[in-house]
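Have a look at the sequence and the 3D structure below. We'll walk through some helix pairs and strand sheets together.

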Amino acid sequence: MIVGAGAIGGTVGGVLARAGTPTVLVARGRHAEVLATEGITMRTPDGTFRAAVTTASRPEDVRLTDRDVLVFATKTQQLDAALQDRVDQRVHGPDGVLGSAGEHLPAMTALNGVAAEEKALRYFRRVFGICVWLPAVHLEPGEVVVRAWPVVGQFHIARWPAALRTRDDAELLAGLAESWTAAGVRVRTPDDVAPWKYNKLLSNLGNAVGALTGDAAGAVVEAVRREGENVLRHAGIEFISFEVSTAARADGPTIRPVPGTAAGPSNSTWQSLTRQTGNVETDFLNGEIVRLAHRHGIAAPLNAALARAARAAVHSAHGPGRYSAKQLAHLVGVEATA
């Protein structure tokens with residue numbers, strides 16, 4: 001069951017369903033209606049593919065069994081509600097009801113940032129963190145634009161926290177890696193996913209830059225990432241280097257043009273501003289660096305300013321591309337610190 005059928009969840013659900021893996025996509029509104037009647041449409045560099053999918057909008061729409069896996073693929077700011085919707089669902093075994101989903105089912109968090117796993121532990125006993133590399137966009141109901149094909153993404157998955165991993169966890173992940181990799185999502189199972197997720201956090205610090213400027217604005221991205229690395233080091237948090245993560249992507253997704261679509265930013269912040277969702281994930285990305293800085297008695301002014309600019313864009317209902325690269329650099333204060 002994939003809770004959240006946006007760019008990540010919709011793509012994973014689409015390729016799993018296409019490969020014959022029983023999959024339920026949880027969605028709402030018009031998106032859910034289109035998925036139920038027409039299936040999910042995946043626009044890719046190699047053509048357009050459609051897969052029939054099972055959909056659900058409410059917890060009671062699905063009968064959970066002890067063989068099910070819950071994959072949460074919402075935005076972080078939407079996760080608490082999704083966890084609360086699922087945690088107390090009854091889980092059925094061969095001889096009747098076993099108990100609740102929180103007690104018996106693995107919960108996997110396919111989200112950016114590093115807050116999701118700790119949120120999930122409030123509700124689920126077995127939590128698995130996922131470091132997501134999957135270039136996709138969801139803007140239209142029932143459709144995802146997948147910018148790599150046939151390998152659509154690469155996931156690093158491990159028990160959270162790593163010290164709790166068991167033999168059962170290893171067996172679960174081995175089976176999942178086999179079926180998901182065959183479907184097009186390359187799965188790696190490191191002993192500990194946290195360093196990979198902090199690497200991805202550093203990468204995602206530039207999401208708001210692309211959303212607010214519509215271009216790379218490389219000086220700002222470099223500055224906020226450098227500040228982020230300094231904060232992580234000050235906090236004593238281990239993270240995978242970009243050299244290692246870049247090498248690891250060699251057998252992962254390769255981004256190529258998708259006919260009939262624009263080639264602009266595709267990150268989650270840009271998508272949220274484009275769809276006018278009324279919220280963005282920035283406070284769990286750049287805001288996480290700010291939180292860690294404050295927690296350790298230092299400051300992260302560049303990331304704080306970028307998060308503030310993203311919030312202002314949401315509150316003013318302004319779409320992406322509000323600033324030029326030069327304007328954003330001045331607003332964030334990169335020029336003054338260069």
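At roughly what angle do the axes of helix α13 and helix α14 cross? The axes of α13 (residues 301-315) and α14 (residues 325-332) cross at roughly 120 degrees and come within 9 Å. Before going further, bear in mind that this is a predicted model, where local features need pLDDT of at least 70, side-chain atom pairs count only at pLDDT 80 or more, and totals for chains, interfaces and linings use all residues. Residues are numbered from 1 along each chain as its sequence is written, and side-chain values use heavy atoms, with hydrogens and water left out.

**A few terms**

- Helices (H or I, at least four residues) and strands (E, at least two) are DSSP runs, numbered from the N terminus.
- An axis is a line fitted to C-alpha atoms, for helices over the stretch in contact, and angles run from 0 to 180 degrees between N-to-C directions.

**Helices α13 and α14**

- α13 and α14 are therefore oblique to each other (angles under 35 degrees count as roughly parallel, over 145 as roughly antiparallel, 65 to 115 as roughly perpendicular and the rest as oblique).
- On the α13 side, L302, A305, L306 and A309 make the contact, and on the α14 side L328, L331 and V332 do (contact means heavy atoms within 4.5 Å).
- Sorted by class, this contact has seven nonpolar, no polar and no charged residues (Ala, Val, Leu, Ile, Met, Phe, Trp, Tyr, Cys and Pro count as nonpolar, Asp, Glu, Lys and Arg as charged, and the others, Gly among them, as polar).

**Helices α7 and α9**

- Helix α7 (residues 194-204) and helix α9 (residues 218-235) have axes that come within 9 Å and cross at roughly 150 degrees.
- That makes α7 roughly antiparallel to α9.
- Y198, L202 and S203 are the α7 residues here, and they meet R225, G228, E229 and L232 in α9.
- By class, the contact of α7 with α9 has three nonpolar, two polar and two charged residues.

**The four-strand sheet**

- Four strands line up as β4-β3-β13-β12 in an open sheet with mixed pairing (two strands pair if DSSP finds at least two bridges between them).
- β4 (47-51) and β12 (136-137) stand at the edges, each with a single partner strand, so one side of each is left without a neighbour in the sheet.
- β12 and β13 (residues 143-146) run antiparallel and are joined by two bridges.
- V137 has V145 in β13 as its bridge partner.
- Helix α1 (residues 7-18) lies across β3 (40-44), β4, β12 and β13, and runs at about 100 degrees to β3.

**The three-strand sheet**

- Another open sheet, also mixed in its pairing, has three strands in the order β6-β8-β9.
- β6 and β9 are at its edges with a single partner strand each, so one side of each has no neighbour in the sheet.
- β6 (residues 64-65) pairs with β8 (residues 90-93) in the parallel sense over two bridges, and T65 stands opposite H92 in β8.
- β8 pairs with β9 (residues 96-100) in the antiparallel sense over four bridges, with V97 in β9 as the bridge partner of H92.
- A hairpin of two residues links β8 to β9.
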